[in-house]
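Dear colleague,

I am handing over the structure below, followed by an account of what was found in it. Please read the notes alongside the model.

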Amino acid sequence: KKRVYLFGDKKADGNSKLKNLLGGKGANLAEMSAIGIPVPPGFTITTEVCTEYNTLGKDNVIEALKEDVQEAIAAIEKTMGTKFGDSENPLLISVRSGARVSMPGMMDTVLNLGLNDEAVVGLVNKTNNARFAWDSYRRFIQMYGGVVLGMKPKTKEDIDPFEEIMEHLKDKRNIVLDTEFTVQDLQDLVYDFKDAVKKQTGHDFPTDPWDQLWGAVMAVFDSWNGDRAIYYRKMHGYPSDWGTAVNVQAMVFGNMGNNSGTGVCFTRDAGTGENVFNGEYLIDAQGEDVVAGVRTPQQITKLGSQRWAQLAKVEEAERAENYPSLEELMPAIYSELNEYQHKLEKHYSDMQDMEFTIQNGKLWILQTRNGKRTGAAMVKIAMDLLKEGAIDEKETLLRIEPNKLDELLHPVFDTKALKRANVIAQGLPASPGAATGQIVFFADEANKFKNTILTRIETSPEDLEGMNIAKGILTARGGMTSHAAVVARGMGKCCVSGAGALKIDYKNRVLRVDGKEFHEGDWISLNGSTGNIIEGKVATMEPELSGEFGEIMKLSDKYRTMEVRTNADTPKDAIAARNFGAQGIGLTRTEHMFFEVDRIKAMREMILADTVKGRKHALEELLPMQRDDFEGIFEAMQGLPVTVRLLDPPLHEFVPHQLATQKELAEDMHISLASVKNKVAELQEFNPMLGHRGCRLGNTYPEITEMQTRAIIEAALNLKERGIVAKPEIMVPLVGATNEFVEQKKIITETANKVFKERNDSIDYLVGTMIEIPRAALLADKIAEHADFFSFGTNDLTQMTMGYSRDDAGKFLNVYLEKGILTEDPFEVLDQEGVGQLVIMGTERGRSTKPNLKVGICGEHGGEPSSVEFCNKTGMNYVSCSPFRVPIARLAAAQAAI
Ligand code: PEP
Ligand code: MG
């Protein structure tokens, strides 16, 4: 079995197709090397070894790897002309994790590995730069100590133990910046760092480079099961058996003086999708310095630099002098980089996020990957690539992550409110969006209030969970490629970064800016599109859907074969959904109409009535209100089909449970309080979800079905008179026995015929049923003999198939998800393995007796992409979902059809 794959010197054992085996990073390094990009040589230990490590343990894995790794190191030595651990010309390496998908900042990295007291001398001699060599050495001990030996801050208020030593020395030497350390200082730091390691871990810092290497490799494997990685996996639903690869690669140095540097760049704008090469770099720095946001980086292109200066309010002359772009400062390197970015984007046909280092005037590309982007950028980039001919229509659709479209449907700040807003400072527009919330200063307190703005000097991977919870992220340090910015864009979360004017005091939990103080809990607002930080709350409004969004939707409609309807109970929702492209209503829950204040009284009278006559009287009051409701909805849908479901919930949900309201009702109805109380008690059920609800109501109180049918048919006839077509589809809920449906259908048909006769006119309508009780799926062939259509109610079907109460499952589902007993909440993502069988069976059996039976879904799953794909495979005619998920379902249906 091949465990180690080499790359470098424009050759490679692997390629980009081997992502599962080599991880995303390793596969791309191999691919880049093979197409002639200058990648520092190295090798990848496969993800399979990570799994072996977890089962066989450390010693066995080292044994299995030893020979291959030794050969691989020898190959790197040959290409670089250096030697591992050598005192003359040492090879230094980096050790990085790399799962099959990018998990930014999730896993640990060790740089400068191979340094020890001898090798550092070699590095001094070789580079003629003692400062650089000793600085590399102290950075190495610091990183290795943190990542491999666990020397990290103990509490969130603590500082890093190594930083503490450095701060201490700075105080003693009366200096402020790291760059002010002398060679002697750095040597002292190395000594003190090693001392601290010995004290805290009880072991000497490892001096043998091979020991260092194995320690780092094992630490990478361990980090796969660290908290951060586990959280990230859970958030994205990635399984733990993927494992991570380990990438070992020759170090190149961006911190060797003014002819060196390092940076990050994107082939297009990750925030807006605009086709402009952009990025940031620092002269005389290592990669971590750019993303850590400690120094404010400069822009790669002149255009970018000018845009930055505008935001930062820096004059052009000062910009050109103090913050020149790479394009201006190192034109030759820039043009080489520009050539590679074109080459790589063309090669991968997607926006690339690249890291590079310049070592003594030589450019190395360290990494490339498909760049994380906002929802808006995702849509624009895909459409642009299509227009440029880089990808075809199908690929364009597959490039869009359905759930990420949601970001484009979110509110933006109201332009009028923005005019009145008090801008307290400006940062970089790191990730677009509008966020309003209360200030919190620590990631683990992001849920302290309902809406929070996580306010940090800078963010680190530990903050991920809190960043996910917060409504917006604000940092004082860091550029457009800082951790906060990259992660926020990936999450589609509003972020303003690098707002240098902010003074954040973690100890006292205060943010000071421009002579003002903001405390934890104070409200602020962020505009992620302009970088503005605004005092207090700002009103929001609905977004306008951009041109490219519309184009993606059109393209989706071209390829999908399944219809998309919406679940809507009001004309307003119906109109919103139609604007999002809904082709009809798949579910109108009529009970929602009864809950309104002025109607609930009539409803209660109907329920409390002792006689059929009393009930009919109350229903007569409800009839005109229902008819108005349906007219409104039919009108809003303008001739598109509208599925109206008959009353579903148990009656006790409508009766008053408070004494005061009970008294009021008794007076209104001229009956005794006792009889109201009696009736309420009578309706009480132990298990209402399995009780007197759905068609069991219509079958015990046929008057209800009669009234609702009459309202529907009369509404449709009224519209017909006004020249508007209405296509009602009357749906019977909770059918489990064929006769339950047959009886209801009889009432519906009789009532409709009666109305037709009265009005001397008629309309077309359908009568169908929900399939939401397992028995209905089993008997679907019999039910289909009578039903015009089926609509799967997967909420109830999930509840009854799994035996999990929809109302109570929250108590144990979270634990199940945490423990991995279930991988997904079955009320969110359809359980295809179990509940899905009933859906398939119900559809097949139904169509066995009625081949053209129309089948759809109206449970919450109808707007969830993986479930939509399943529905498509099952051969459904449509999915129905809430208005805001309609665009997502349209795309998901197209992807399913491709
Ligand atoms: C269902 O059960 O899936 C459904 C759509 O109906 P409700 O959620 O109203 O029970
Ligand atoms: Mg239901």
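**What was found**

Leaving out residues up to four places away in sequence, Ala216 touches Val95, Val110, Leu113, Tyr144 and Val148, where two residues are in contact if their C-beta atoms, placed from the backbone, lie within 7 Å. Ala216 and Val879 are the residues with the most contacts inside the largest nonpolar core, which has 243 residues; such a core is a set of buried Ala, Val, Leu, Ile, Met, Phe, Trp, Tyr and Cys residues joined through C-beta atoms within 7 Å. A residue is called buried if 20 or more other C-beta atoms lie within 10 Å of its own, exposed if 12 or fewer, and partly exposed in between.

Please keep in mind that this is a predicted model, in which local features need pLDDT of at least 70 and side-chain atom pairs count only at pLDDT 80 or more, while totals for chains, interfaces and linings use all residues. Residues are numbered from 1 along each chain as its sequence is written, and chains are lettered from A and ligands numbered from 1 in the order in which they are written.

As for the whole protein, 50% of its 898 residues count as buried, and its C-alpha trace spans about 105 × 65 × 55 Å along the principal axes. The protein has 36 helices and 34 strands, these being DSSP runs numbered from the N terminus, with helices (H or I) of at least four residues and strands (E) of at least two. Among contacts between residues at least 6 apart in sequence, 67% join residues at least 24 apart.

Helix H5 (residues 130–147) has 18 residues and reaches 25 Å from its first C-alpha to its last, close to the expected 26 Å, a figure that is 1.5 Å times one less than the number of residues. Because 15 of the 18 residues of H5 are buried, this helix is largely enclosed by the rest of the structure.

One open sheet has eight strands in the order S15-S25-S24-S17-S18-S19-S20-S16, with mixed pairing, and two strands are said to pair if DSSP finds at least two bridges between them. Strands S15 (423–426) and S16 (428–431) stand at the edges with a single partner strand each, so one side of each is left without a neighbour in the sheet. Within this sheet, S19 (residues 472–475) and S20 (residues 494–497) run parallel and are joined by three bridges, with Gly472 having Cys494 as its bridge partner in S20. S16 and S20 run antiparallel, again joined by three bridges, and Ser431 stands opposite Cys495 in S20. Cys494 and Val496 point one way from S20, whereas Cys495 and Ser497 point the other way, and all are buried.

Finally, UniProt, in an unreviewed entry, places the feature "binding site" at Arg589, Arg645, Glu772, Gly793, Thr794, Asn795 and Asp796; its positions are given in the numbering used here, feature names are shortened, and annotations may be inferred rather than shown by experiment. Thr794 lies in helix H32 (residues 794–802) and counts as buried because it has 29 C-beta neighbours inside 10 Å. Asp796 is also placed in helix H32, and, leaving aside neighbours within four places in sequence, Asp796 is in contact with Glu772 and Ile773.

With kind regards
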